[in-house]
Amino acid sequence: MAAKNKLAEQIFGAEEHSAATLAPEKLGQFREIASRMFRTPQLTAKERGMPALATVGRSVSELISGGSWMNIFLLSVLRIDMVYLVIMGTLLGFYNTLIRPLMGIAYDRTRTRWGKARPYAMLAPVLYYAATALLFSGRLFFDNDITNDPRKILFVFAMRIIRDTLSLIYKIPTDNYTSLMSPNPEDRIGVGLWQSYAGRWSGNFIAFMIMPLLDGARSGILNISQGAIFAGFGIAAAFFGIGGNLMMAANCRERLMLQPKPAPPQKALFYILKNKYALRNFIASFATSWWSQGGYSWDVVTQLEIYGGFVNSTFTFIPGHIVNAASLALVKPISRMFGGDYRKSVIFWRIWDTVVDIIPAFLGFIPSIIGSWWKIAIIFAISDVLNRFNDAPTHIMESEIGREIDDYTEYVTGERPDGSIGLLTNWISRVMDAPRALMTIAVFKWSGYDPNIAFDKRWSQDVVRENSTMYSRVFFLNRFTNILGFIAGLIPLFMYDLTGKKREDMYAALNERRALVAEQDIMSAEMAAMMEMMEKQEALEGKT
């Protein structure tokens, strides 16, 4: 029994010399500075704004290259047979399982005079966004409708491999950049708020622009091809993505001093077991990793084929877009509803969103509703408004909970193996690409929708109006897409107890240890400046 308990302690217990195990007298000398790190913002206005600028390019890129729009482009614009896309997706999944560990390990072991994440933010976005622009310019290079053209297939496969590789080199560091800029939660939430503003405004603007352009191109109103429209958005993503990330890397400093010698990769991978919160999220992700809504934009199909085009869709989506943008002003009021408890707030609003999505999903099966575009549009508009008014607050609170979970890893291990742990939690998604591809085919078969038919008019699948089952299923998929993920993601939150005094005590010990590491090792200029500022402020307050 003793041997069993010792093994459990080795696997799940805190590491020696971590903030959770160091003697209070060793850390106590930094208690006041640690408290100020936690409570005093350190970022300048420029440092809060630059990550938001970088988010603009990423929002444009992710909008057009997310699974839905990517498949719209590849299937309906570039014209590649769906069978080849499924094969590509499977091969890319296996490729990512091989390359992701290498990038995660490389990032965790990076220590430079410029920081841990900044070197990647300076170089990788240039190549990543250039590959994005090339991919979405594909129709300009291959202007034919031959769905099995080997040149097109090889071009797409090569560009997607390049983008996936560069995506890892670019996104792992930039996703963790904010956590390295400041140990102060108010700073991180402020940066997240500005990023949400930028991401939502730019994303909404692009979403509002791309639909009428595609609608005008397919109907002949605009003398421009759909291929040229996607190429334009790919180039725009490259322009804003490269410029924004370079500006962020040049102006945003990393203040946290990390371990000079990181843990070996085989040990860092094991650290997820020492973080019960991350482990629960990993299990929840695994539980839904097989799910696929068909990998297609049912939202686009709904707008073009059920509502009948941009004009009808505009009046349906405008209320939701307005409320979505306005939700940024509700961050503080909504967070205060539960006394600042992010966990309770996120649980409540995710349950709210699930209910709001389920009701219209089933109403669409009523023939008299799905057969009348304005009836189903009104139902969608109402549910969209009810869903979106808490979007920004919930997103920002979820992001801060995620950063707290990452900080807990540092608390119990003394390390920040964000890349290694990130690759482990995302690895399961790539491993499940093959069964998810089969699920994609099953979803299309269940819905009866044929993506190889051009979406050029309302009900373009030639379904008789009275026989509306297929479009009812399409609308159901449109509303049901995220529900399984919401439900699975809620379960770990019910067991999340890193709140109140426990949270404050963790950050007190963690920041004390950060100060100790900074003093014992060669202190970075950023960390030294931050500690000096804290000491000066303490002396000034002492005089007054």
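I take helices as DSSP runs of H or I with at least four residues, numbered from the N terminus. The model I examined is predicted.

**Entry 1: cavities.** I searched the whole structure and found two cavities of 30 Å³ or more. I then turned to the second largest cavity, for which I noted a volume of about 140 Å³. Which helix supplies the largest share of its lining? I found that helix 25 does, with three residues. Helix 25 spans 500-520, and helix 6 (82-108) and helix 12 (265-268) likewise each supply at least two lining residues. I counted 22 residues in the lining of this cavity, with Arg-111, Gln-259, Glu-415, Arg-416 and Pro-417 nearest its centre. By class, I recorded 10 nonpolar, three polar and nine charged residues there.

**Entry 2: largest pocket.** I noted about 580 Å³ of space in the largest pocket. Its lining holds 22 residues, and I listed Pro-185, Glu-186, Ile-189, Lys-332 and Tyr-342 as the closest to its centre. Two or more lining residues come from each of helix 3 (31-39), helix 10 (185-219), helix 16 (331-336) and helix 20 (391-413). Helix 10 gives the most, with six residues. I classed the lining of this pocket as 12 nonpolar, four polar and six charged residues.

Entry 3: I placed Ile-359 in helix 17.

Key: Residues numbered from 1 in each chain as written. Predicted model: local features only at pLDDT ≥ 70, side-chain atom pairs only at ≥ 80, totals over all residues. Heavy atoms only, no water. 1 Å grid on protein atoms, 1.4 Å probe; cavity = no way out; pocket = protein on both sides within 12 Å on 5 of 7 lines; lining within 4 Å. Points joined across faces, edges and corners; volume = space filled by probe spheres on them. Nonpolar A, V, L, I, M, F, W, Y, C, P; charged D, E, K, R; others polar.
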